[in-house]
Every structure is written in structure tokens, then in C-alpha cells.
Amino acid sequence: MQLADAAPEIAIEDRSLHLPVHGTTVTAEDLRVRMVLACDFDGAIQIDASQVETVGQAVLQLLVAARAEAREAGHEFEIVNPSTAFVQRVQACGLAEAVGLSEEEFPS
């Protein structure tokens, strides 16, 4: 079995990943695997954070590492549609720049 078979939700044409509603240490391992698979293809990586209600340290660490690795490999890395809860947590942890959130995405 090839690695691509292990995560059918990542098609070569669609490299966007959806963060879970509750990003915990338990969900981080699955997310890590999906991020590794997405990085195996050329092009931009999009992380959809629209459904996030809570996000823990393990998921934040993955996002920081994934963005750094994507940039080193010359890939674009973007968090799209971040929920207010996601943005507030990232801001509170001082990780906005590290995960690539722009000032426009901060709640007023």
C-alpha cells in the first residue's frame, strides 16, 4: 500500500487540509500524517481552520513546523478561513507570524 492510499481525503489536486473542530494531542498525529502527505506534492498547502473551536499546543506546534518546512522547500503555506477561536488562540500564544496569519485576520 502506498502512503497516498492511507489518506484518501488528500487528493493530488486538492492539497487543502481541514483542521478538526477540537485540535488536541490525540488528533495531532492524524494531522501530522496528513500534512506530511500534502507536503509530498508540489504547490501550495492550504490549511482550512474555519471549523476550529479549540486548538491545543500539539496542533499549534505542527502548524509552526509545517509552515517552516514548506517555506524551506519553496512551497506556499496558508491558513484559510480561520475561525475566531483559532485566531484568538494563535494570538494568545504569540504564534501569528509563525503560522502565517496576517493582521487582517485578527478579530476587531
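In strand β3, the bridge partner of S16 is Q46. This pair belongs to a predicted model, in which local features need pLDDT of at least 70, side-chain atom pairs count only at pLDDT 80 or more, and totals for chains, interfaces and linings use all residues. Residues are numbered from 1 along each chain as its sequence is written, and side-chain values use heavy atoms, with hydrogens and water left out.

**Chain and sheet**

The protein chain has five helices and five strands. Helices (H or I, at least four residues) and strands (E, at least two) are DSSP runs, numbered from the N terminus. In that direction the elements run α-β-β-α-β-β-α-β-α-α.

An open sheet of three strands has the order β1-β3-β5, with parallel pairing. The edge strands are β1 and β5, each of which pairs on one side only. From one strand to the next the twist averages 20°. Axes here are lines fitted to C-alpha atoms, for helices over the stretch in contact, and angles run from 0 to 180 degrees between N-to-C directions. Two strands pair if DSSP finds at least two bridges between them.

Strand β1 (residues 16-18) is joined to β3 (residues 45-48) by three bridges. Besides the pair of S16 and Q46, H18 stands opposite D48 in β3. On the other pairing, four bridges join β3 to β5 (residues 77-80), again in parallel. Helix α2 lies across β1 and β3, running at about 170° to β1.

Helix α2 (residues 25-39) has 15 residues and reaches 21 Å from its first C-alpha to its last, close to the 21 Å expected at 1.5 Å a residue. The expected span of a helix is 1.5 Å times one less than its number of residues. The buried residues of α2 are A28, L31, R34, M35, L37 and A38. Buried means under 20% relative accessible area, exposed over 50%, and partly exposed in between (1.4 Å probe, protein chains only).

The structure holds two salt bridges. A salt bridge is a side-chain nitrogen of Lys or Arg within 4 Å of a carboxyl oxygen of Asp or Glu.

| Salt bridge | N to O distance |
|---|---|
| E29 and R32 | 2.7 Å |
| D30 and R34 | 3.1 Å |

E29 and R32 are three residues apart in α2, and are therefore separated by about one helical turn. D30 and R34 are four residues apart in α2, which also makes about one helical turn. An α-helix has 3.6 residues a turn, so residues three or four places apart point the same way.

How exposed or buried are the residues of these pairs? E29 counts as partly exposed because its relative accessibility is 45%. R32 counts as partly exposed at 36% relative accessibility. D30 is partly exposed, with a relative accessible area of 43%, whereas R34 is buried, with a relative accessible area of 9%.

**Core and helix α3**

The largest nonpolar core has 26 residues, and those with the most contacts inside it are L19, I47, L63, I79 and F86. The elements that give two or more residues to this core are α2, β3, α3 (57-72), β5, α4 and α5 (96-99). The largest share, seven residues, comes from α3. A nonpolar core is a set of buried Ala, Val, Leu, Ile, Met, Phe, Trp, Tyr and Cys residues joined through side-chain atoms within 4.5 Å.

Which residues does L19 touch, not counting residues up to four places away in sequence? L19 touches L31, I47, D48, A49, V52, V59, L63 and F86. Contact means heavy atoms within 4.5 Å.

Helix α3 has 16 residues and reaches 23 Å from its first C-alpha to its last, close to the 22 Å expected at 1.5 Å a residue. In α3, the residues A58, V59, L60, L62, L63, A66, R67 and A70 are buried.

**Backbone and totals**

Helix α3 is followed by G74, whose phi is positive, near 80°. N81 has a phi near 50°, a positive value in a residue other than glycine. Most residues other than glycine have a negative phi. N81 lies in the loop between β5 and α4 (84-92).

Over the protein chain, buried residues make up 37% of the 108 residues. Of the contacts in the protein chain with a separation of 6 or more, 73% are accounted for by residues 24 or more positions apart.
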